[in-house]
Amino acid sequence: MGPDAPANTASNGSTPVGVGGWLLVYLIGSVPFLLLHSAGLSGWFLDYALWLLAVIFLLLASPLALILLKSPRAPRWNVIVLWVVALQMTLRAAAVPLGPETDGAAQGRTPEEWAAAIAILAVIVVGSLAWAAIWTVYFRRSLRVRNTFNR
């Protein structure tokens with residue numbers, strides 16, 4: 001790319017625009033991510049009811065449809081849902097050791113079992129927060145996002 005090349009062109013001279021590159025990775029990677037989180041939420045409310053999982057997933061995945069439609073609102077709504085999901089998973093994880101136990105199983109757990117459960121929950125929380133942070137930076141700084149969604 002020479003000194004006369006426009007600032008919004010890729011090194012091959014083309015302008016990155018449309019659902020491709022990292023935006024496509026985000027779109028595809030978000031489906032299993034949101035399914036996992038939808039399952040966690042549905043289990044929090046109604047013991048993993050399949051209909052509730054589907055409703056929550058469709059609600060959380062609706063910003064992905066905005067990407068496919070190339071709506072100018074897509075970046076903002078995707079960032080909002082990223083953080084809503086991350087914070088919801090943090091609350092969900094915190095509710096496990098702090099919430100009331102209905103079946104009495106928690107009293108029989110050893111400290112090692114509690115440590116393992118908390119470690120797993122910490123990985124889920126850190127993963128959710130990292131996912132949200134990485135993709136927020138992408139949506140804020142990406143030339144492809146800017147070219148695709150700014151009208």
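Are Trp135 and Tyr138 buried or exposed? I looked up both residues and found that Trp135 is buried and Tyr138 is buried too; buried means under 20% relative accessible area, exposed over 50%, and partly exposed in between, with a 1.4 Å probe and protein chains only.

**Basis of the entries.** I note that this is a predicted model, in which local features need pLDDT of at least 70 and side-chain atom pairs count only at pLDDT 80 or more, while totals for chains, interfaces and linings use all residues. Residues are numbered from 1 along each chain as its sequence is written, and side-chain values use heavy atoms, with hydrogens and water left out.

**Overall fold.** I recorded 5 helices and 0 strands in the protein chain; helices (H or I, at least four residues) and strands (E, at least two) are DSSP runs, numbered from the N terminus. Of the 151 residues, 36% count as buried.

**Aromatic pairs.** I searched the whole structure and found 6 aromatic pairs. Rings of Phe, Tyr and Trp (its six-membered ring) pair if their centres lie within 6.5 Å; planes under 30 degrees apart count as stacked, over 60 as edge-to-face and the rest as tilted. Tyr26 and Trp135 form a tilted pair, at 5.1 Å centre to centre and 55 degrees between the planes. Tyr26 lies in helix 1 and Trp135 in helix 4, so this pair ties together parts that are 109 residues apart in sequence. For Trp135 and Tyr138, the ring centres are 5.4 Å apart and the planes stand at 85 degrees, so the pair is edge-to-face. Trp135 and Tyr138 are separated by about one helical turn, because they are 3 residues apart in helix 4. I also listed one aromatic cluster, formed by Tyr26, Phe33, Trp131, Trp135, Tyr138 and Phe139.

Leaving aside neighbours within four places in sequence, Leu64 is in contact (heavy atoms within 4.5 Å) with residues including Tyr26, Leu34 and Asn78.

**Thr136.** Which residues does Thr136 touch, not counting residues up to four places away in sequence? I found Val79, Leu82 and Trp83. Thr136 is placed in helix 4 and counts as buried because its relative accessibility is 13%.

**Leu46.** Leu46, in helix 1, has 45% relative accessibility and therefore counts as partly exposed.
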